Amino acid sequence: MRELVGFSFESNDLKKIPDHLFELKNLTSLSLQNNKIETIPPKICNLKKLKVLYLTGNKIKKLPDEITLLANLKEVFIGNNPIDSTNLIEIQKKMPNCNFY
C-alpha cells in the first residue's frame, strides 16, 4: 500500500482526513472532493511527492502553512469551500509554481 501513487476518497462524508493517508509517502495525486472536511492537518507536509490535491466541495476555511513545504505540488483544486481569501492569497504567494483552482 505504501507504493500507492494515487488515492481517491471522494463523496464519503468524511469530516477529517484519516491519519493513515499521511503514511502514503509515494502519493502524487490525492482526491478528497465532496466530503465534509473542515481542516487540512499540518501532517499534509508528509506527502512530499504530492503533485495534485483535489479538495473541491468541502468545508475548508483555511489551508495550513505546512502545505507550502510541498515543493512538488503543482495543482490544488479548492473551489466550493468557504476558504478565507486572505489565507489563500498568502499561501499562493509562497507557492508561485502551484496553481489554485
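Modeller: Take one residue and its contacts. This is a predicted model. Leaving aside neighbours within four places in sequence, I91 is in contact with L63, P64, D65, I67, T68 and F100.

Colleague: Which helix holds I91?

Modeller: I91 lies in helix α1, which covers residues 85-94.

Colleague: Is I91 buried or exposed?

Modeller: Buried means under 20% relative accessible area. I91 has 0% relative accessibility, so I91 counts as buried.

Colleague: How far apart are I91 and P18 in sequence and in space?

Modeller: They are separated by 73 residues in sequence, and their C-alpha atoms are 23 Å apart.

Colleague: What should I know about nonpolar side chains in general?

Modeller: In soluble globular proteins, nonpolar side chains tend to be buried together. Here the largest nonpolar core has 29 residues. Those touching the most other members are L30, L53, L55, L63, I67 and L73. L63 and I67 are also among the contacts of I91.

Colleague: Which residues does L30 contact, leaving aside its neighbours within four places in sequence?

Modeller: L30 is in contact with F7, L21, L47, L50, V52, L53 and Y54.

Colleague: How many disulfides are there?

Modeller: A disulfide is a covalent bond between the sulfur atoms of two cysteines. The count here is 0.

Key: Residues are numbered from 1 along each chain as its sequence is written. This is a predicted model: local features need pLDDT of at least 70, side-chain atom pairs count only at pLDDT 80 or more; totals for chains, interfaces and linings use all residues. Side-chain values use heavy atoms; hydrogens and water are left out. Helices (H or I, at least four residues) and strands (E, at least two) are DSSP runs, numbered from the N terminus. Buried means under 20% relative accessible area, exposed over 50%, partly exposed in between (1.4 Å probe, protein chains only). Contact means heavy atoms within 4.5 Å. A disulfide is a pair of cysteine sulfur atoms within 2.5 Å. A nonpolar core is a set of buried Ala, Val, Leu, Ile, Met, Phe, Trp, Tyr and Cys residues joined through side-chain atoms within 4.5 Å.
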